[in-house]
Amino acid sequence: MSSKKYTAESIKVLKGLEAVRKRPAMYIGSTGPEGLQHLVYEVVDNSIDEALAGFCTKIDVIIHVDCSVTVIDNGRGIPVGMHKKERKPAAEVVMTTLHAGGKFDTKTYQVSGGLHGVGVSVVNALSGKLDLEIKKQGGVYTQTYKKGKAITKLKKIGKTKKTGTKITFKPDDEIFESLEFNFDVLSQRLRELSFLNKGLKISIVDERTDKGHDFEYKGGIREFVQYLNQNKTVLNPKPIHFESVKGDVIVEMALQYNTSYSESIFTFVNNINTTEGGTHLIGFKAALTRSINLYANANNLIKDLKQNLTGDDTREGLCTVLNLKIQNPQFEGQTKTKLGNSDIKGIVESIVNEQLSIYFEENPTVSKKLVMKILDAARAREAARKARELSRRKGVLESTSLPGKLADCQEKDPAESEIFLVEGDSAGGSAKQARDRRFQAILPLKGKILNVEKARFDKVLQSEEIGIIISALGTGVEQSDFNLDKLRYHKVIVMTDADVDGSHIRTLLMTFFYRQMPQLIEKGYLYIAQPPLYKISKGKSFQYLRDEREFEKYIIKKISEEFQIKVSRQKDLIKGEKFRRFFRGIIAKKHYIQILEKKNFPFFLIKILLENEAKDVEFLRRPRRLENIQNLLNEKGIISVLSEDEEYGLYELAVNFQVNGMNVSCSVNIDLVKSVEYRNLFKIHKDLEKYKPPFQVLSDSEKVKIENESKLLEYLFQRGKKGIVIQRYKGLGEMAPQQLWETTMDPEVRYLLQVSVQDAVEADKIFTILMGSEVEPRRVFIEENALEAQNLDI
């Protein structure tokens, strides 16, 4: 454990925060989904820096139902002392000043991922609200910020022996396009960080869906490579692993080959995932190719080849993780996706050369096995070259000769053109009639294309349907031939039915593009057409609804037009827009109660708290209020214990009760009253307080008395579905050309899903499980996810 001090003097200031809100993309990459996730990364990176310095062993990330996020660590806590130069607490300097942090002081952090020090201050600037809590020097300190500015002073609210930092922030909806955090993307990043920092425990909980993960990997990146290869057949069961130091650079690598035909290389610098590579990746690739050629030539293993093995040959079936720790990394921008340090190439190259040479000499049996696999790749590459030349002579791959099936568009500008890949000639016929021939091309596909996950490249080129796709798009295929500038359409849209066959064809096409034309996905040119989920018919009229949310909106509107509600002690009827607000309030109230019940808070306790004005932490300051709750629980035969919470200077109530014969417990404390779901529930409860049951539901034909909110929801939803035919929509083939245009092809109203790879590790894993040669992982996947399947085509 390092003994270096982290105090107010450790914080160095470089000034300025105003530009962040004006140009957020300069600091977090975008204001779309990637930028949103980046906010969490920045806060977590601060905690990781504490782990790198040896002071943090646990990090918790919680996504709340209102799309706010909490990050908690048990590090040293941000300094709370006065910053002499700035004349305000060091914590406030860190939170409100750009380029402020301990990362510019090598005495505080020897290695740090958040190089620019803009991380947490940028998160603060781009948050509608941020709550900071620090445990340090025997005290608990809190401060609240709004849009980057402190709205309260840093104050001590309690006593504690613990240390750490807790940040809860809600991104500003005026800046971000959406506030929906992606649980899977965040989980994968946290899993990576856990692998890269062996022994560090990281947990994530999504309160919106009840999903959660705990990550703790003591094997580090060696275990990471085994995780990546868990569904593949490996050639060297024990990964090649080493860690070397050269000057102030630490290079760690784990490498394992599998029998697949694709490569998986993940590079990290100071825990930052350098997805665009950089000098360290160039150095690694050069060293790998050179080392394998040297070994193969020295042992006379490539005598039947006319030339040396290429980099593509040596990386077929390779899975490797390269992890560097360096003091002064030069990244491209704050998003840190490409390393620019020129000296790192030589350092990585020399270390990898040296370590691989040692491994090959010490492990001749495994080494020869790996070289045999690489030789197979080289022979297949030569076969693919010959197949490509043959295909060119036949005109299959030439963009000048378009396939006869293609109904091309008139527009020649790729940016204005789009192509629909449709399933079968019949759907292709409908699509051809429905399209706008000025800018929409149609390519019907016969049957199911080849599964490229199980095929080498020479076999891929021999597939007729794949040849037709390559020819229609015009880009060529494989790295040496591929030219994105020749792409003839900047929207490549997969349009298949929603049945089993359609899903399979869509998956096969996605596998082809992911493995053979990843640049299309990276540039955002690949889309999936989304036909509507529902068709609602009423008499001769009908309309399409895209998803469950639109369906609920439609039903609520229909109910509000057909019914009115009368409540006692209210003169006016609840109708129209007032009815819709009231109805949505009841739905939201039920939703929040269900979330709290899942957290072991029983309905009777929630009801008592709401009725006794348990609004916020002020309620917990006076023990008499909690004693009143305790008495009400005693009347129901429920045992509870009142105690003092010294950390926050509050009181709390531990409640014990039984559910189906099992003992269950929960606590009425600061965590409950400050939780998003409870605060929202309390607000809705107050809004609905004036509309007390029983309810009288009035319509043209009847008058019905309903005794509570739950029965009111059930009754009105049931009545709302009367008089209409609800059809769950299945396939494009059910539509006439005009309907196909109106719902799925018209750019003004259609809904397209853009395909993107937000999580390369998870994407690779899923393609391997679903489309790879191994049967057992696929069986396990089906068993684990069987209950989640919906709309089965049986």
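**Exercise 1. Work out which residues Ser640 touches, and whether Ser640 is buried or exposed.**

Step 1: Set aside the neighbours within four places in sequence, and Ser640 is in contact with Gln630, Leu633, Leu653, Ala654 and Val655. Contact here means heavy atoms within 4.5 Å.

Step 2: Ser640 sits in strand 26, residues 639–645. Helices (H or I, at least four residues) and strands (E, at least two) are DSSP runs, numbered from the N terminus.

Step 3: Check the surface. Buried means under 20% relative accessible area, exposed over 50%, and partly exposed in between (1.4 Å probe, protein chains only). Ser640 has 10%, so it counts as buried.

A word on the source: this is a predicted model, where local features need pLDDT of at least 70, side-chain atom pairs count only at pLDDT 80 or more, and totals for chains, interfaces and linings use all residues. Residues are numbered from 1 along each chain as its sequence is written, and side-chain values use heavy atoms, with hydrogens and water left out.

**Exercise 2. Find out how confident the predictor is about the protein chain.**

Step 1: Know the score. pLDDT is the predictor's confidence in each residue, from 0 to 100.

Step 2: Take the average. The protein chain comes out at a pLDDT of 85, and 89% of the residues score at least 70.

Step 3: Over residues 393–400, pLDDT stays under 50, and the model has twelve contacts beyond four places in sequence for them.

**Exercise 3. Say whether Lys683 is buried or exposed.**

Step 1: Locate it. Lys683 lies in helix 22, residues 676–688.

Step 2: Read the area. With a relative accessible area of 55%, Lys683 is exposed.

Step 3: Compare sequence with space. Lys683 and Leu610 are 73 residues apart in sequence, and their C-alpha atoms are 9.7 Å apart in space.

**Exercise 4. Describe how helix 17 packs with helix 23.**

Step 1: Get the geometry. Helix 17 (residues 548–562) and helix 23 (residues 709–720) pack at an angle of about 95°, their axes 9 Å apart. Axes are lines fitted to C-alpha atoms, for helices over the stretch in contact, and angles run from 0 to 180 degrees between N-to-C directions.

Step 2: Name the arrangement. Angles under 35 degrees count as roughly parallel, over 145 as roughly antiparallel, 65 to 115 as roughly perpendicular and the rest as oblique. Helix 17 and helix 23 are therefore roughly perpendicular.

Step 3: List who touches. Helix 17 brings Glu552, Ile555, Lys558 and Ile559, while helix 23 brings Leu716, Phe717, Arg719 and Gly720.

**Exercise 5. Trace the hairpin of strand 12 and strand 13.**

Step 1: Check direction. Strand 12 (residues 201–206) and strand 13 (residues 211–215) run antiparallel, joined by five bridges.

Step 2: Find a facing pair. Asp206 stands opposite Lys211 of strand 13.

Step 3: Inspect the turn. Four residues lie between the strands, and Asp210 in the turn has a positive phi of about 70°.

Technical notes:
Pairing = 2+ DSSP bridges.
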